[in-house]
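I opened the model today to look up a few places in the fold and to write down what I found. The entries follow in the order in which I took them.

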Amino acid sequence: MTRKNTLQLGTFGTNLAPGITFTTIPGALTTDWSRVRHLALAAEQMDFEAIVPISRWKGYGGEHNPHSDAYETLTWAAAVGAVTTSARIFATVSMPIVHPVMAAKQLATIDHVTGGRAGVNVLGGWYRPEMPMFGGDLLEHDARYDMADEWIEIVRRLWTEPEEFDFSGDYFELSGLFSMPKPLGERPRIMNAAMSGRGLDFALQNSDVIYVKLRDDRDAAAEQVADIKRQARERFDREIEVWTFGYVVDGETEQDAQDFLHFYAQEHGMHDAAINALTIMGVEAAVAGDNSTAARRFNWVAGDGGVPLVGTAAQVADGLEWLADVGIDGCLLGWPLWEEGMARFERDILPLLVARGLRAADPH
Ligand SMILES: Cc1cc2nc3c(=O)[nH]c(=O)nc-3n(C[C@H](O)[C@H](O)[C@H](O)COP(=O)(O)O)c2cc1C
């Protein structure tokens, strides 16, 4: 696919309440299909490249239990795919939960619905509390990716092999495997956010897009991105993109933006739930950083731990330019108040990105 924009953009988590910001303020995201549809169309209006949901089957508890109210992502992607025309529509699939035969066929279906715009964000899994609902438990960390190797091989073969085949592995023993129709074109694009050694190896071998939690220092972040791309090239002969995600809080002045951040995340944030989520993630996932710091917790409440893009329109554009400068290919975005936030992004921030050469002049 030819790449039009230096910094690709997408939305993150429009399938669940309250989106990627853990806030109780009125207007925060709800599971309301008319809103999901509107936000998908708003993303396409700005020529965003990707629409990515979050896979969540149980919330993070606390008083408000954020993410307990979540649309299932494969059916969601089919529906979003049917009302959109240009963005790539991702489903997020937790490999320990969704059987590969089911995933392969559902994703091929979405690929047909969208005319070849399907993608899949594959997860090794880390949120243990939702596993007993499916009658199982999470494997030990590295074994999750041994299982994932088998899972993805089965899916890829189902997408390409015309005849029935058997698969015999450590985790799957399946016979007469078959799936039609095949996806259109090459295959659905695969993304993954594994950050650990074993998880990263899986991602380098299998993903077209890898997500990173960037280091703060510019040189260190640039080296981090370059290293991932270099490893993909040298070890696996693959060209991959590196993306990240962030939350946008813009204001007339920097102080306005900071005040609003304080209002929705500090005064009306779901802090107890963020502590629950980070505690579990700290045990289960090899994500860099200290989960116990107040700053880390605040960043989870403010935007699911993403990059803070907070300030005036120009400062938000600076933040996005910084990402492009360190080699990031794309960034998923979320807002505390999605409808107004995306409208302001289109009006105030997108033109700055165009002026800085990060986005094409005319989206259409
Ligand atoms: C862009 C992005 C999307 C993610 N989506 C989900 C998700 O939908 N559900 C989920 O449980 N975790 C999600 N995660 C968390 C990752 O799965 C988690 O950070 C990863 O498993 C940790 O890597 P490791 O397994 O190598 O330790 C996402 C992370 C990122 C950066």
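Which residue just after H9 takes a positive phi? I found that Asp-304 does, at about 60 degrees, directly after the helix; helices here (H or I, at least four residues) and strands (E, at least two) are DSSP runs, numbered from the N terminus.

Before going on I noted that this is a predicted model, in which local features need pLDDT of at least 70 and side-chain atom pairs count only at pLDDT 80 or more, while totals for chains, interfaces and linings use all residues. Residues are numbered from 1 along each chain as its sequence is written, and side-chain values use heavy atoms, with hydrogens and water left out.

**Entry: helix H9.** I listed the buried residues of H9 (residues 294-303) as Arg-296, Asn-299, Trp-300, Val-301, Ala-302 and Gly-303, where buried means under 20% relative accessible area, exposed over 50% and partly exposed in between, with a 1.4 Å probe and protein chains only. I then saw that they pack against strand E9 (241-250), helix H7 (254-267), helix H8 (271-284) and strand E10 (307-311), contact being heavy atoms within 4.5 Å.

**Entry: Thr-244.** I moved to strand E9, where Thr-244 has its place, and recorded it as buried because its relative accessibility is 2%. Leaving out residues up to four places away in sequence, I found Thr-244 touching Tyr-211, Val-212, Val-307, Leu-323, Ile-328, Gly-330, Cys-331 and Leu-332.

**Entry: Glu-49.** I placed Glu-49 in the loop between helix H1 (33-45) and strand E2 (50-52), and I counted it as buried because its relative accessibility is 18%. Beyond four places in sequence, its contacts include Arg-88, Trp-243 and Arg-359.

**Entry: salt bridges.** I noted 26 salt bridges in the structure, each a side-chain nitrogen of Lys or Arg within 4 Å of a carboxyl oxygen of Asp or Glu. One of them joins Glu-44 and Arg-117 at 3.9 Å, N to O; this pair links distant parts of the chain, with Glu-44 in helix H1 and Arg-117 in the loop between helix H3 (100-113) and strand E4 (118-123), 73 residues apart. Glu-44 is buried, at 8% relative accessible area, and Arg-117 is buried as well, at 9%.

I also looked at Glu-321 and Arg-356, whose closest N and O atoms are 2.7 Å apart. Here Glu-321 is partly exposed at 25%, and Arg-356 is partly exposed at 30%.

In helix H11, Glu-340 and Arg-344 lie four residues apart, about one turn of the helix, and their side chains meet in a salt bridge at 4.0 Å, N to O.
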